[in-house]
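Subject: Structure handover

Hello,

Please find the structure for your files here. My notes come after it.

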Amino acid sequence: MAQVKLYDTTLRDGMGGHGMSLSVEEKLKVVQALDALGVQFIEAGFPSSNPKEAELFGRLAELELANSTIAAFGMTRRGGVAAAEDPALATVAESFAPVVCLVGKSWRLHLEKVIRVPEPENLAMIRDSVAFCRSAGKRVVFDAEHFFDGYRDDAGFALECVRAAADAGAENVTLCDTNGGSLPAFVGEATAAVVEALGEGVEIGIHTHNDAECAVANSLAAVEAGARLVQGTVNGYGERCGNANLASILPALQLKMGFDVVSEEQLASLTATAHYLDELCNMAADPDQAYVGRNAFAHKAGMHAAGVAADASTFEHLDPARVGNDREILASELSGKATIRTQAQQAGLELDEEAAARAVERLKEREHRGYHYEAAPASFELLLRQEAGSYAPLFRLESFRVTTEKRADGKVETEATIKVEVDGEHYERSAEGNGPVNALDRALRAAIVDGHPHLADIELTNYKVRILDETHGTDAVTRVLLDSSDGEREWGTIGVSENIIEASWEALVDSLEYAFQPRG
Ligand SMILES: [Zn+2]
């Protein structure tokens, strides 16, 4: 079976999406999730010397990946400057990444209006830059920016540009619909012309944007015309209307078009991965998203549901299990009894049949209220521990109070007071903080640290708040996700409440409880 490779560009193109902001830690988690999904290439961005990017590339160089190859992103050399003299190109060539993606122009309009170089110089810029990276030992993907607009305007020149990259040693030439306005029939036709013109010597890729709501369709049309690498982002993150959504492209390629992309098991992790990435990026998962959305295989009671019960193919375009999704309306990735028992085993817990059934019920009820355990495995483990009967509470809360005072001079002061019982002893502690959650965390730690000194070393590394169901305004439910670390391990916990302090408290308690549970 022919192979098509995926090239994820979340960490570069995807970062242009509205509200996208990721720390280095979060970017590394994105990379690991994409690697587990089996994505062949991950573009990490431009390896510049700014401290955040330098740290990211430093950490990536040490990361062991099972399936993915890291690509560094850069541009062809500037006009009138030798490739070896272009500092940006040198940075890309010097990075550890084995693959370099070079973007270059292929539309005359951009030569005239944007970079102002004559056509022969543009061809030389492409040729020199690809050759320079090849001589530095890099594999090169050439992204022909605005290719489809360029091809519409002057097909001959657009083809000369991609040919220059192929002749200079690029292993892949990717055709970009940068403005996202092209339609599938044209993309198919233009891609077929490039495949025909460049022949066997170079692989063709496709990179589309969703401005005409055709990014997925355009990618598939290009593959049908001979493209064998698809660039995009899982969930379609990206500037304006987004990039091509790999979460839709992957199952279409593999299950409908018969291409070999990832393993069956990896494909079955697609839904969980897509939701996890939404949590990492602090995006609300779209319930109606194709293939992976909560409603993608949810049937209304009545004729549809009866039809599905008789034969699922009557109302479903594919078996949801193949992409890791579920048929039931409120069910989730985790909610099968068998899955729950496997999860328990992984945490070293014994769950009998009855306890597993109870855990499933609790999970469904909690998910209905807005809990989402994909990004909070530590809270999930605590839930399983409670059902397995191997849960020891760290302390008993008697009460807490948090006050925030803002004064006329603009100063804001927050103080928390807490009363708890730990191992039969009563403690009352107060602490100030830079906000209510911080003050509460400090007061709680002060109260329990005598009995459990190692809990002092736990650091809260990330705190994310999401308002669920924003249409209800202030009655909306708040979901808090908290990441903690003890320097060796990291774990995520969750809290949900109409009250943000209560939701934060719940996630905070889970974090400390998780660290306290015996394991081995
Ligand atoms: Zn793009």
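Below are the notes on one strand with its neighbours, and on one helix pair.

This is a predicted model, where local features need pLDDT of at least 70, side-chain atom pairs count only at pLDDT 80 or more, and totals for chains, interfaces and linings use all residues. Residues are numbered from 1 along each chain as its sequence is written, and side-chain values use heavy atoms, leaving out hydrogens and water.

Strand β5 first. It spans residues 139–145 and is mostly covered, with 5 of its 7 residues buried (under 20% relative accessible area, 1.4 Å probe, protein chains only). Strands (E, at least two residues) and helices (H or I, at least four) are DSSP runs, numbered from the N terminus.

β5 pairs (at least two DSSP bridges) with β4, residues 99–105, in the parallel sense over 7 bridges. There, Val99 has Arg139 of β5 as its bridge partner. β5 also pairs with β6, residues 172–177, in the parallel sense over 4 bridges. Asn172 of β6 stands opposite Val141.

Now the helices. α7 (residues 155–167) and α8 (residues 184–198) pack at about 45°, with axes 11 Å apart; axes are lines fitted to C-alpha atoms over the stretch in contact, and angles run from 0 to 180 degrees between N-to-C directions.

The contact (heavy atoms within 4.5 Å) is made by Leu159, Val162, Arg163 and Ala166 of α7 and by Ala193, Val194, Ala197 and Leu198 of α8.

Best regards

Methods: Buried < 20%, exposed > 50% of the residue type's maximum accessible area, 1.4 Å probe, protein only.
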